[in-house]
Amino acid sequence: MKRTPWRWTALTVAAGLALAGCATGTGGSGGDDDTEYDSGAELSGELSIMGFGAGDEVATARLDRVEEQMPEVDVTLIEGDLDIQQFLSAVAAGDPPELVYANRDQIGTFASRGAIIPLDSCIEGEGIDTSQYLDSALEQVTFDDQIYAIPEFNGLAITMANSELLSAAGLTIDDVNGSDWDAVTAATEAMMVNDGGSLSVIGFDSKLPEFLPLWARANGVDLLSEDGRTAHIDDPAVVEALEWAVNVYDLQGGFGAVKAYRDSADFFGEGNQFATDVLGAMPMETWYVNVLQDVSPDAPMVFDTVHDREGDPLAYGSGSSWAIPADSTNPEAACRYMKVMTEADSWMAAAQARADIRAEEGQPFTGLQPTANTEADAAIRDMIGDDVPEPWASAIDAAYTANDNSFSLPANPADAEFKSAWQDAVNRVLNGQAEPQESLEQGQEEAQEALDQAWATWDEQEG
């Protein structure tokens, strides 16, 4: 076939797109994926992608490999993060993109509403080896025993701390890695500075509301059952976790005071909270390690994984994934694209591109953010040389250990409602509107009602 030029087109989607009817999605299940895939086929046509942008060398290096393998396909990238209502509107109108880039915690809802298709034929036809993907990531895109998306990155947090503040208080990273909650509380009091109600040093930030699932798992319970049908939001272990994490803020003048002070920091600049010695420790996503290394390489940092109360490493993982919308006009190209973007060779190309840039800057290569491809992560780690100095070498070790010990919440048909229920419950407590027990009981009721309704609708459609 004649080779045509590869074209990347950035589109700005009209903000005024009608959203009527999106609350109930497309009104049907995903059904059977009976599309036949030929892994040797020459692909052509259009491939519009919603929710993804080629923002850095990690993206563009993989896109280059897609171009090599799909030269006849014209790819259009629709700029900006995925707008859920916009996407569901497009599906409902019968005019979806050919491919969508979504958070893994959105896949259950999209699948149950028939907005995306199961990938059985895609996986079989393209020979995609699903064993290469991280178990917890693959499980989060598996709904009702069918895989509906291909996972990409795995976002997770590790413990980051200011070594000088720890040392001045007679502490170590072990006192703030979460393995001993009493020790974290004591470390908070030892490092914080709060003179007359004016907070000038945060001892420890427990990162609520978003990290409640992490602290609940650290205390031995998940917010949602393994089958995605039963909420555990008011479990006594969750109540205990919330009480402890909120108390960390109360010791420092309350959540409002801590949030206002942390938000005032130059988070992405050389005046960040660690470089200026105004934060003792917090769990934070691994991508922030590269930020710190770039803007404040001499900051007094120390890193570790987060640990559960038994002392074992732990990470709450979530991240991006690729899915094929219902009525996609080019599912074969979409499937090939997903395969190439997430396979080990593409990640290695991305890693090499990053390594080359680091070399030009005179900086050591520290790897990529952990992906959902275990084979790629192992190979990328082997690329990291012995020239990485501390504390950054320890950060790399912590990130890979966290990835190996990560968990995710199961896919379910009420993803957004479930998340809102537990986050609203936490926010009520943080804002002083309710006590933890009371608020989590309300969250449990709201979450379970949403789950029951969504599963009932799905079960009726399927059965």
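# Rings, charges and strands

Reader: What makes the charged end of Arg217 count as sitting over the ring of Phe407?

Author: The charged end of Arg217 is 4.2 Å from the centre of the Phe407 ring, and a charge sits over a ring if NZ of Lys or CZ of Arg is within 6 Å of the ring centre and within 35 degrees of the ring normal. Arg309 also lies over a ring, that of Trp181, at 4.1 Å from the ring centre. This is a predicted model, in which local features need pLDDT of at least 70 and side-chain atom pairs count only at 80 or more, while totals for chains, interfaces and linings use all residues. Residues are numbered from 1 along each chain as its sequence is written, and side-chain values use heavy atoms, with hydrogens and water left out.

Reader: How many aromatic pairs does a search of the whole structure find, and why is the pair of Tyr101 and Trp322 called tilted?

Author: The search finds 19 aromatic pairs. For Tyr101 and Trp322 the ring centres are 4.4 Å apart and the planes stand at 45°, so this pair is tilted: rings of Phe, Tyr and Trp (its six-membered ring) pair within 6.5 Å between centres, and planes under 30 degrees apart are stacked, over 60 edge-to-face and the rest tilted. Since Tyr101 belongs to strand S4 (residues 99-103) and Trp322 to strand S15 (residues 320-323), the pair ties together parts that are 221 residues apart in sequence. Ring pairs also link Tyr101 and Trp322 with Phe52 and Tyr337 into a cluster.

Reader: What makes Tyr101 buried, and is Trp322 buried or exposed?

Author: Tyr101 has a relative accessible area of 13% and Trp322 has 0%; buried means under 20%, exposed over 50% and partly exposed in between (1.4 Å probe, protein chains only), so Tyr101 is buried and Trp322 counts as buried.

Reader: Why is the pair of Trp181 and Trp244 called stacked?

Author: The two ring centres lie 4.6 Å apart and the planes are at 10°, so the pair of Trp181 and Trp244 is stacked. Trp181 lies in helix H7 (residues 181-191) and Trp244 in helix H9 (residues 236-250), so the contact ties together parts 63 residues apart in sequence. Both tryptophans, Trp181 and Trp244, are buried.

Reader: How do you know that strand S8 is largely enclosed by the rest of the structure?

Author: Six of the six residues of S8 (residues 157-162) are buried, so the strand is largely enclosed. On one side these are Ala157, Thr159 and Ala161, and on the other Ile158, Met160 and Asn162, so that both faces are covered.

Reader: What makes S8 and strand S11 a pair?

Author: Two strands pair if DSSP finds at least two bridges between them, and S8 has five with S11 (residues 279-285), in the antiparallel sense, with Met160 opposite Met282. S8 also pairs with strand S12 (residues 301-304) over four bridges, again antiparallel, and there Asn162 stands opposite Met301.

Technical notes: Helices (H or I, at least four residues) and strands (E, at least two) are DSSP runs, numbered from the N terminus.
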